[in-house]
Amino acid sequence: MKKVILFNFNGTITNTKFLAIDMYNEIAEKQGYKKISEEDVPYLSALSIRNRCKVLNLPLYKMPLVGLAIKRRYQQYIPNLKPVSGMKETLSLLKQEGYKIGFTTSNNQVVMNEFLTNHSINIFDYSHFSFSPLSKSKDICSFLKKYDLKKENVVYVGDELRDIKAAKKNGLFCIAVSWGFDSVELLNTGRADKVITQPKEIVDVLSRI
């Protein structure tokens, strides 16, 4: 049986990093948190979420609320974002080679349909929509149950350390991508099965497992 390839959407299929930073800065200006400059990004991307909060003077307990506020603010921009360079071709190749593909996201379903249609990649076999961007482990578990899939038949692709942790908690083979917010250095601490720098590498990794 060919593997099911499950993608985290934001940061993996499309790069939402700087959009999220813009939305965060709007909130930070009103709430008195430290704003993020472009020069801050490499340093922050190597820190854990807890340490990022310390640097930004953002109380950790407020992080979930800030995350939800960011998500709400950038929904209107999602349909016009572009897929990561090479991602569209990689998704098509995966389908051609007989893999089934799915995604998990906390984005609005209508917004997601617009994005997929706008970029002619409405080719996913599975989808899972959640309310919170902070419930990755539960989302993966729910996805497996929803589609009656065995963990050994699913490969997870994500861009954050918490993606790796969520995948590992659910017993999935995990591919981490370097083009999201978390640095390769930080991703390596999670011991993903493979860290890649280009979408086309996904196909190469799959051919070896």
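1. In this note a residue is called buried when its relative accessible area is under 20%, exposed when it is over 50%, and partly exposed in between, with a 1.4 Å probe and protein chains only as cover. By that rule Cys-174, at 0% relative accessibility, counts as buried, whereas Cys-141, at 29%, counts as partly exposed.

2. The model is predicted, with local features requiring pLDDT of at least 70 and side-chain atom pairs counted only at pLDDT 80 or more, while totals for chains, interfaces and linings use all residues. Residues are numbered from 1 along each chain as its sequence is written, and side-chain values use heavy atoms, with hydrogens and water left out.

3. On overall form, the chain has 10 helices and six strands, where helices (H or I, at least four residues) and strands (E, at least two) are DSSP runs numbered from the N terminus. The radius of gyration, taken over C-alpha atoms, is 17 Å, which agrees with the value near 17 Å for a compact globule of 209 residues, the globule rule being 2.2 Å times the number of residues to the power 0.38. Along the principal axes, the C-alpha atoms fill a box of roughly 50 × 35 × 30 Å.

4. On burial and surface, buried residues make up 52% of the 209 residues in the chain. The chain exposes about 10,600 Å², of which carbon and sulfur atoms supply 50%; accessible areas come from the Shrake-Rupley method with a 1.4 Å probe, and for residues only the protein chains shown count as cover. Among contacts (heavy atoms within 4.5 Å) with a separation of 6 or more, residues 24 or more positions apart account for 65%.

5. The six strands form an open sheet in the order 3-2-1-4-5-6, with parallel pairing; two strands are taken to pair if DSSP finds at least two bridges between them. Strand 3 (126-129) and strand 6 (194-196) are the edge strands, each pairing on one side only. From one strand to the next the twist averages 20°, with axes as lines fitted to C-alpha atoms, for helices over the stretch in contact, and angles running from 0 to 180 degrees between N-to-C directions. Helix 7 (residues 136-146) packs on this sheet, where it touches strand 1, strand 3 and strand 4 (154-158), and its direction makes about 135° with that of strand 3.

6. Two of the strand pairings can be followed residue by residue. Strand 1 (residues 4-8) and strand 2 (residues 100-105) run parallel and are joined by five bridges, with Phe-7 standing opposite Phe-103 in strand 2. Strand 4 and strand 5 also pair in the parallel sense, over four bridges, and here Val-157 stands opposite Ile-175 in strand 5. Strand 5 (residues 173-177) is mostly covered, since four of its five residues are buried.

7. Which residues does Val-157 touch, not counting those up to four places away in sequence? They are Ile-5, Leu-6, Phe-7, Asn-8, Thr-12, Ile-175, Val-177 and Ile-202. Val-157 lies in strand 4 and is buried, with a relative accessible area of 0%.

8. Helix 8 (residues 161-169) has as its buried residues Leu-161, Asp-163, Ile-164, Ala-166 and Ala-167. The cover over these residues includes strand 1, helix 7, strand 4, strand 5 and helix 9 (184-189). Just after helix 8, Gly-171 takes a positive phi of about 75°.

9. Ser-45, placed in helix 2 (residues 41-45), is buried at 8% relative accessibility, and, leaving aside residues up to four places away in sequence, touches Arg-52, Phe-181, Asp-182, Ser-183 and Leu-186. Ser-207, in the segment after helix 10 (201-206), is exposed, with a relative accessible area of 57%. The C-alpha atom of Ser-207 is separated by 29 Å from that of Met-112, 95 residues apart along the chain.

10. A search of the whole structure accordingly finds zero disulfides.

Methods
Disulfide = S-S within 2.5 Å.
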